Amino acid sequence: MGKKIVPIIVIAAVIGVLGFLVSGLGGKAAAQPGDQSIDFELQDIEGNTYKLSDFKGQPVVLNFFATWCAPCIDEAPELEAFGKEYKEAKLLILAKGESKKRMEKYISESGSELTYLLDTKEDISKDYNVIGQPETIIIDGNGVIVERFSGPTTKDDLIRMIQEKVSP
């Protein structure tokens, strides 16, 4: 009798977990294209405070990044090139779950000149429903999200998406 109950309990538990995941993933995630962006305030490694609303009137590219994420590291030179060459949009890299010390080390070793904002407690990542990284969100000058995608990108793809989707 006991041997027959264990598999039933395991199956019921698996079905319950799958049902929970499907119902949670089936709902509309926060911060999708067409939604108003969620304002935030974060500091860079030097203690300067940045608010998303400070960039109202210009496109903003939010890129969620982690130093341990191989695709993020692979994508970094493309973002660096974008940040240097494309001045029509502000690029903000949100260091998801990273400490100031770890970001200082990464920036020093990579020679990066981008703006890295510390989302150490992942509050902004949670607000934007960012689970993985890299994830990129493009916001127009009115604060409306016009594009959102996961995975690495290139300088040329970012420029193309901004030019196609951002209202003048």
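Biologist: Let me start with a single residue. Is D119 buried or exposed?

Modeller: First, keep in mind that this is a predicted model. A residue counts as buried when its relative accessible area is under 20%. D119 has a relative accessible area of 2%, so D119 is buried.

Biologist: Which residues does D119 touch, leaving out those up to four places away in sequence?

Modeller: They are L42, A95, K96, G97, I124 and S125.

Biologist: How do I read a sheet?

Modeller: Here is the general idea: strands of a sheet pair through backbone hydrogen bonds, either parallel or antiparallel. In this structure, five strands make an open sheet with mixed pairing, in the order β5-β4-β3-β6-β7. Its edge strands, β5 (115-119) and β7 (145-150), each pair on one side only. From one strand to the next, the twist averages 20 degrees.

Biologist: In which sense do β4 and β5 pair?

Modeller: They are parallel, with five bridges between β5 and β4 (residues 90-96). To find one of these places, go to L92, whose bridge partner in β5 is T115.

Biologist: What about β6 and β7: parallel or antiparallel?

Modeller: Those two run antiparallel and are joined by five bridges. I139 stands opposite I145 of β7. The two strands form a hairpin with five residues between them, and G143 in the turn has a positive phi of about 85 degrees.

Biologist: How many of the six residues of β7 are buried?

Modeller: Five of the six are, so β7 is largely enclosed by the rest of the structure.

Biologist: Which helices should I look at beside these strands?

Modeller: Helix α3 (residues 100-110) lies across β3 (60-65), β4 and β5, and runs at about 160 degrees to β5. Helix α5 packs on the sheet too, touching β3, β6 (135-139) and β7, and its direction makes about 150 degrees with that of β7.

Biologist: At what angle do helices α2 and α5 pack?

Modeller: Helix α2 (residues 70-85) and helix α5 (residues 155-165) pack at about 50 degrees, with their axes 8 Å apart. The two helices are therefore oblique to each other. On the α2 side, the contact is made by E78, L79, A81, F82 and E85, and on the α5 side by K155, L158, I159 and I162.

Biologist: What kinds of residues make that contact?

Modeller: Six are nonpolar, three are charged and none is polar.

Key:
Residues are numbered from 1 along each chain as its sequence is written. This is a predicted model: local features need pLDDT of at least 70, side-chain atom pairs count only at pLDDT 80 or more; totals for chains, interfaces and linings use all residues. Side-chain values use heavy atoms; hydrogens and water are left out. Axes are lines fitted to C-alpha atoms, for helices over the stretch in contact, and angles run from 0 to 180 degrees between N-to-C directions. Helices (H or I, at least four residues) and strands (E, at least two) are DSSP runs, numbered from the N terminus. Angles under 35 degrees count as roughly parallel, over 145 as roughly antiparallel, 65 to 115 as roughly perpendicular and the rest as oblique. Contact means heavy atoms within 4.5 Å. Ala, Val, Leu, Ile, Met, Phe, Trp, Tyr, Cys and Pro count as nonpolar, Asp, Glu, Lys and Arg as charged, and the others, Gly among them, as polar. Two strands pair if DSSP finds at least two bridges between them. Buried means under 20% relative accessible area, exposed over 50%, partly exposed in between (1.4 Å probe, protein chains only).
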